Each structure stands twice: as structure tokens, then as C-alpha cells.
Amino acid sequence: MGLLRSGKSGEDLLRHREDVRQANFLELFVDLVLVFALSGVVSRVVRDITADEVLVRVRSLGYLLVLALPLIWLWITTAHITSWFDPRRHRVQWLVLASAFGLLVMSSALPTAFVGRGWEFVLPYVLLRVARPLVLIPALRGHALRSLYLRSVLWSAGTGVIWLAGVAVTGAARAAVWAVAIAVDIVAARLRWPVPVPGTPRPAVSVWAMDSGHHLPARYQQLLMIALGESVLAAGISFTGQRQDVAAWTALVVVFLSTVLLWRIYFYRSGQVLAQAVTASSDRLAAGEATGVAHLVMVVGIVVTAVGFEVALQHPGGRPVPAWLGAILGGPALFLYGRIRLERVVFDRLSRRRVVAIAVLVVVALPLTFAPPLAASVVAALVLLGVALADAHHAAGRPPETPSPAH
């Protein structure tokens, strides 16, 4: 905290953010683009997961990770920029607008990202990852962020070579190369972009660190709402194009209730008091890292769940397909795992109710391989309902819990 406020340099961009509790309008504009981006990912994956070829269906969920993670990661790094730097400054505003435009271009390339429009997906990502720190570094002389951003530029340029190399191949090979690239990006960020240079210890801050106890937690909450909003958007569009019979209406009700339950499970109670937990934490670096990873996992889980929603709406009584079941049950399970990690951040405990729910989803997977997608969606919704009811029972007659972070 103090490292970033010492000295006079960089005061044109850095500022004290403790009193900033909500996103500005430019940040909300980026959120709108991310809704479009995640919708494009879901549409792209649904096209593959409902294809006739078994191999195409099997690799569809792997494609989801390769396409969704760069988009989400770009949003997260943009949120960190607006958390550390004053968004009223023109330089920061231009960076935010450039990030929004980059997300838009990447999203437009999603339908053919693995076969024809790889450059349009890769170039905005690589350029933004390299150029944004270079723009901000001159304002960081004497601050701990300078070393961090210099390291990030080196790593981003290195992984940029991997991203660009993926464009030279097509199909599954391109997806595999890009999977390596995004994995390196995220892991290197968690390690604070280490460099093998003697006498250069790791920076005192991290890309995950929270300068404000309010702004970044609020942005993470908005990220969850973006993912849930995309699920509702995709479901509504899909339902509009379906025959309005009993199965379709049942699927729509199940999808909507499942989305509400995901929202309820997230916000009770860890999501609701996340800002207070971060403020109370004595180690915002550790809290920020754990919070970021938890939300990344939960958002991916919601996107996978949205794919399952699409399958249930389009093929409610269809034949059982393992990839479909993986999306319908695996999405909620992944979301619950991320939510377990968030419980650790806020209350420093293991959420047993969510562990049991994941175990139930695993157990019911075998019998549901013989059931249609709508039945699997109903079972997944019932599991989520069980978690929400258990949460309500735990809270009944008790005062609201206060955060108790480990750090």
C-alpha cells in the first residue's frame, strides 16, 4: 500500500482509491463488450457440442477454455488498471477504450478463430498485453508497480510469440498452442512474472493485489453478474427460436431458476461481504490473488453452465451425449468449486455444503448418461436448490456473519 503512494512520481495517474466504491461509465462500457464476447463463446461452443462428429463434441469444452480465458483475463487485467490508476485521466481512459475495442475485435473472430480468423483473435490480445504496461510504466518511476509491469511486458512479449505461432496452424493444433499460451499467461501472473536475473527479487506487489478494498471486489461482483447476464441472454435467444411446447417451456423455467440459484449461492454470504473481507485482511496480496482465481473459476463454470442451458433448450428430449452431460453437470460443479475457494478467502473455512453438492453431481452423472438433457438439467437445478436451502437453513435465526479472513 505505502509503496505505491510514496514519492511524487506517478501522481498524475495513481491515486488513493479507498473511497472509490463503484465502476465508472467507461468500465461499464467494457462490461457490455464482455457480455457480447461471452455470448459469442457460448454460441461457438454450442455449435460444436451439438455437431454430429463425436470428436468435435468431445473437444468443444476444451475450445471453450481456450476462447473464454483470454477474454476474461483481458477483462480482469483491465479492471486492475482502473483499480490502481485514476480513470479520470485521459491516458487511462484511452487504455480502457482500447481494451473494449480489442475485446470487440476478438469477439467478432470467435466463430472462425481456429480456422480462418486467428490473427483477429490474437493480435488485439497480444498488443494490449504488451502496450498497456508500456504506456503506464513512465508514470511509475519509484513505485513497486514499475518492476511488476516491466516483468509483465517481457513475459507478454514471450507468450505473444506462442500466440502468434498458433496462427500458423489450424484446428485442434491451433487450440493446443493457444492453450499453452493462456496457461503460461495466467501462471506467470500468479508468480509475479519471475525473471532469472540475479539480484532481482520478486516485486512487493502483484497483479492480483487490491489497492482499494471496495473498487476491485465490486468489479469482481460485476464480472459474476456479466456471466449470469450472458446466460440469461443466450437462453432467451435460444428459446425464441424453439418450438413453444411443454418441454421448451420446462427447460426455460429450469434455466431461469438455475441462474437465480447461482446468483443466490454466490452472494450468500461470501459474495455479499467480499469488500469487507478484503478491507479486514492484513495481506491484500494473498486476498487479491485468491479472490481473483476464485472468480475466474466461477465465471468459467457459469459459461460452461450456459452451454448446458443451450443444449437443454435446443434438445430437451434428445439422446444422451457425454459431452452434453459434461456441460450440464460440470458447469455447476466448477462454479461450486470456485465458490468454495471464495469461502476460504472471506471466512477461512471449507464450505462442506458445496463439497457435498459437487460429490452429488459426480455420483448422479452415471445414471444420467441414460437420461435426456432436460432431466440432467432438472437434477443439476435440484442440487443447486439444495445448496441454497442449506444456506438459508444455516442462516435462519442467526445474526449475519461478519468476515473472518485468514490474512
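Axes here are lines fitted to C-alpha atoms, for helices over the stretch in contact, and angles run from 0 to 180 degrees between N-to-C directions. Helices themselves are DSSP runs of H or I with at least four residues, numbered from the N terminus.

Welcome to this predicted model, in which local features need pLDDT of at least 70, side-chain atom pairs count only at pLDDT 80 or more, and totals for chains, interfaces and linings use all residues. Residues are numbered from 1 along each chain as its sequence is written, and side-chain values use heavy atoms, with hydrogens and water left out.

| Helix pair | Axis separation | Angle |
|---|---|---|
| α2 and α10 | within 10 Å | roughly 135° |
| α10 and α11 | within 7 Å | roughly 160° |

Let us take α2 and α10 from the table, with axes that cross at roughly 135°. That makes α2 oblique to α10, since angles under 35 degrees count as roughly parallel, over 145 as roughly antiparallel, 65 to 115 as roughly perpendicular and the rest as oblique. The crossing of α2 past α10 is right-handed; a crossing is right-handed if the near helix is turned clockwise from the far one by less than a right angle, and left-handed if anticlockwise. In this contact (heavy atoms within 4.5 Å), α2 contributes Leu-61, Leu-64, Leu-65, Leu-69, Ile-72 and Ile-76, while α10 brings residues including Leu-296, Val-299 and Val-307. By class, there are 12 nonpolar residues, no polar and no charged. Ala, Val, Leu, Ile, Met, Phe, Trp, Tyr, Cys and Pro count as nonpolar, Asp, Glu, Lys and Arg as charged, and the others, Gly among them, as polar.

Helix α11 spans residues 322-347. α10 and α11 are roughly antiparallel to each other, and α10 passes α11 in a left-handed crossing. Their contact divides into 20 nonpolar, 8 polar and 2 charged residues.

**A loop residue**

Asp-86 sits in the loop between α2 (54-84) and α3 (90-108). Asp-86 is buried, with a relative accessible area of 3%; buried means under 20% (1.4 Å probe, protein chains only). The side chain of Asp-86 also makes a polar contact, at 2.9 Å, with the side chain of Arg-88.

A polar contact is a pair of N or O atoms within 3.5 Å; within protein, one must be able to donate a hydrogen and the other to accept it, and residues adjacent in sequence count only if both atoms are side-chain atoms.

Definitions and conventions
Helix = DSSP H or I, 4+ residues; strand = E, 2+ residues; numbered from the N terminus. Buried < 20%, exposed > 50% of the residue type's maximum accessible area, 1.4 Å probe, protein only.
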